[in-house]
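Hi,

Here is the structure I promised to hand over. Have a look at it, and then read on for what turned up.

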Amino acid sequence: MKKIATGNKAVAEAVRQAAPGVVAAYPITPQTEIVEQIAEFVTGGLMPTRYIAVESEHSAMAACIGASITGMRTFTATSSHGLLYMHEMTNWAAGARLPIVMANVNRSLGPGWNIWAEHTDALQERDTGWLQVYVSTVQEAYDTILMAFRIAEHNDVLLPVMVNLDGFLLSHIMQPVDTVELGDFIPAIYLPYAIDPKHPAGYGTLTGPDQQFKFRWDIERSMRDSVKVIEETGKDFSKRFGRNYGFTEDYLCDDADVIVVAMGTLGKEAEVAIDLLRKEGIKAGSMRLRWLRPFPKLNLKGKQVVVIDRDYSFGRGGILATEIMAQTKEDLYSVIAGIGGQEVTYDDIAGFVRTRHMGKEFWFGVNAHV
Amino acid sequence: MLKCTSACAGCSDSLALRYVLKAAGPDTVMVVPACCTSVIQGIYPNTAFNVPVYNIAFGAAAACASGMSNAFRAAGKKTNVIVYAGDGGTLDIGIQAMSGAFERGTDFLYICYDNEAYGNTGMQRSGGTPMGAKTTTTPTGKTDAKKDIDAIIAAHDPPYMATACAAYPQDIFKKVQKALTFRGPTFIHILAPCPPGWRYPTEKSVEMGKLAVKSGMWVLYEREYGKVTIGPQSKAAMKKPLPLEEYLSPQGRFKGIDTKVVEILKQRIAKNYQRLAADEEASA
């Protein structure tokens with residue numbers, strides 16, 4: 001059914017259809033609309049869900065953990081400081097192998113108080129064992145939440161999934177969204193080690209140096225196995241509902257000399273920049289990275305690469321650029337743009353490509369354009 | 001509880017645990033934050049508990065239990081969800097999550113076993129450490145008073161809360177059974193004397209618990225729908241209190257305690273008795 005919705009409302013609608021048994025959440029701008037909408041669904045009897053209005057994000061994730069280990073589907077949503085406040089628990093959720101799904105509305109970190117889009121919040125969760133996906137349209141936000149439940153709960157994965165959408169640029173933007181008849185796209189959840197008083201066991205007990213690495217390796221093994229589950233889920237989604245999603249969304253990459261790599265809405269905006277550059281005779285393409293974890297093999301061989309990071313690792317560089325540098329030896333130009341909601345137009349992106357300076361880093365709005 | 005825990009010799013928490021689990025029965029899940037009880041379970045792949053134990057990070061027990069309780073109730077299960085946390089995990093790092101869970105009316109039993117310091121990290125001072133007690137972070141004795149967590153819990157007005165002491169097994173058993181008959185959040189605060197932390201011989205844990213009650217440093221009472229009832233052991237102690245020095249002197253942690261601090265402790269005991277007696281009378 002076609003509707004017009006904000007990114008937040010589309011996420012809430014997908015969660016309503018996935019029908020988790022427990023949602024535990026805490027308000028934070030620009031995420032709040034998601035949990036408000038869910039609370040409204042629950043109150044109105046439109047979701048068979050217990051909504052726990054916790055007193056903090058740390059408790060939101062802890063409550064999701066407690067609910068999830070009973071074998072119940074769980075969801076939460078957060079943003080920025082909320083995500084960082086739950087950091088201890090995000091590690092716990094992955095370590096405990098709980099298929100919790102979370103929407104994170106990407107937002108800058110204080111100080112100063114800035115509520116606008118930036119990816120540094122989610123990227124600080126990079127190493128927790130969560131699968132991470134970044135979306136660029138309202139439709140994609142809706143579709144990806146549905147896929148996230150199926151991927152997280154797949155018994156070859158059993159890891160939490162974080163679906164990232166840009167604060168305001170996507171969370172509050174109205175776009176058309178085509179909702180689906182879900183059918184059996186998300187199978188009933190089955191957690192093989194769900195807590196059961198009839199079969200007492202210790203969960204997360206003291207674990208020595210002779211055992212801990214095995215649990216850590218097991219997370220990595222499932223992270224690797226998740227690649228085929230993501231592919232299968234994407235294929236089945238496409239077959240049922242007609243929309244295709246891969247690890248990346250590539251636009252005119254095949255014959256391109258230079259490829260722009262970015263995540264989220266900037267990655268979508270880049271497609272407009274590519275059209276502009278093509279008209280100017282520049283053979284450019286764009287590759288929007290959807291899945292950051294597991295990190296896909298990117299086909300960048302023989303290309304110049306312009307990476308736009310809406311994030312930064314101080315003392316090192318753009319986080320996405322650093323990730324790509326670890327995988328490819330191709331020439332790379334690292335652009336830091338969109339920090340704290342800084343406006344970046346397709347024209348700006350085209351400018352990054354036109355004046356690219358391979359091997360250099362460029363802070364948009366700070367350095368003189370090289 | 002199964003045999004062979006990894007508790008210290010003379011640990012009164014392992015006594016308390018035995019009575020708690022006996023009273024709770026098999027349809028129970030324990031949620032345990034970082035504390036001595038995380039250690040007492042033993043090392044993976046073994047566990048000394050005959051009920052499922054969910055271990056969780058230090059500040060998160062009540063929130064985790066809140067999610068678990070909601071999930072069980074949503075699935076139509078009556079399984080008891082019991083948080084079993086130390087004084088650090090309750091009075092200090094876990095207080096926010098606990099307050100939230102009580103305010104939300106979570107259907108669970110929260111038990112705080114209180115050995116008055118951070119036990120498994122080597123006896124650092126906590127909000128539960130009494131004034132004058134030496135710990136590894138208060139080498140000359142704590143200068144601040146013990147936090148009155150029971151008053152804080154009472155302010156949340158749970159249907160049932162009680163204090164208990166590891167030296168009184170039947171009392172613990174009855175209070176746990178009773179707490180589990182209520183719907184909503186219930187709280188039991190168990191004093192758990194600790195031989196290495198309080199520095200007394202391992203065979204004296206029960207005696208130390210009894211001295212705490214007899215001297216008035218610990219008061220046994222229940223609060224049911226706001227009605228306060230002081231336990232008979234504490235009633236007797238109020239009539240004829242044991243001199244506080246008899247509780248303090250066997251414990252190395254109070255060695256060399258300033259007489260002025262002893263006076264302050266005595267005043268606090270008297271004030272606490274008065275307040276509880278007034279609460280009992282007012283709610284009768």
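Domain bounds here come from an automatic or database domain assignment. Before the findings, two notes on reading them. This is a predicted model, in which local features need pLDDT of at least 70 and side-chain atom pairs count only at pLDDT 80 or more, while totals for chains, interfaces and linings use all residues. Residues are numbered from 1 along each chain as its sequence is written, and chains are lettered from A and ligands numbered from 1 in the order in which they are written.

Domains of chain A

Chain A is split into domain 1 (2–181 + 208–241) and domain 2 (249–363). Taken over C-alpha atoms, the centres of these two domains of chain A are 25 Å apart. Where they touch, 27 residues of domain 1 of chain A are in contact with 20 residues of domain 2 of chain A; two residues are in contact if their C-beta atoms, placed from the backbone, lie within 7 Å. On the domain 1 side, the elements giving two or more residues are α6 (120–123), β6 (131–134), β7 (161–166) and α8 (212–241) of chain A. Helices (H or I, at least four residues) and strands (E, at least two) are DSSP runs, numbered from the N terminus. The largest share of that side, five residues, belongs to α8(A). By class, the domain 1 side has 13 nonpolar, 10 polar and four charged residues. Here Ala, Val, Leu, Ile, Met, Phe, Trp, Tyr, Cys and Pro count as nonpolar, Asp, Glu, Lys and Arg as charged, and the others, Gly among them, as polar.

Between the chains

Across the interface, 36 residues of chain A are in contact with 39 residues of chain B. At least two residues each come from β2 (22–25), β3 (50–53), α3, α5 and β9 (202–203) of chain A, and α3(A) gives the most, with eight residues. The chain A side divides into 20 nonpolar, 12 polar and four charged residues.

So how does α3(A) pack against α3(B)? Helix α3 (residues 57–68) of chain A and helix α3 (residues 61–74) of chain B have their axes 6 Å apart, at an angle of about 40°. Axes are lines fitted to C-alpha atoms, for helices over the stretch in contact, and angles run from 0 to 180 degrees between N-to-C directions. The two helices are therefore oblique to each other, as angles under 35 degrees count as roughly parallel, over 145 as roughly antiparallel, 65 to 115 as roughly perpendicular and the rest as oblique. Among the residues of α3(A) in this contact are Ala62(A), Ala63(A) and Gly66(A), and those of α3(B) include Ala63(B), Gly67(B) and Ala71(B). The contact holds 10 nonpolar, five polar and no charged residues.

Backbone details to check

- The peptide bond joining Pro111(A) and Gly112(A) is cis, with omega about -15°; Gly112(A) lies in the loop between β5 (101–106) and α6 of chain A.
- Tyr44(B) to Pro45(B) is also a cis peptide bond, omega being near 10°, and Pro45(B) sits in the loop between α2 (36–40) and β2 (53–56) of chain B.
- Ser80(A), not a glycine, has a positive phi of about 45°. Ser80(A) belongs to helix α4 (residues 80–85) of chain A and is buried, with 28 other C-beta atoms within 10 Å. A residue is buried if 20 or more other C-beta atoms lie within 10 Å of its own, exposed if 12 or fewer, and partly exposed in between.

Best wishes
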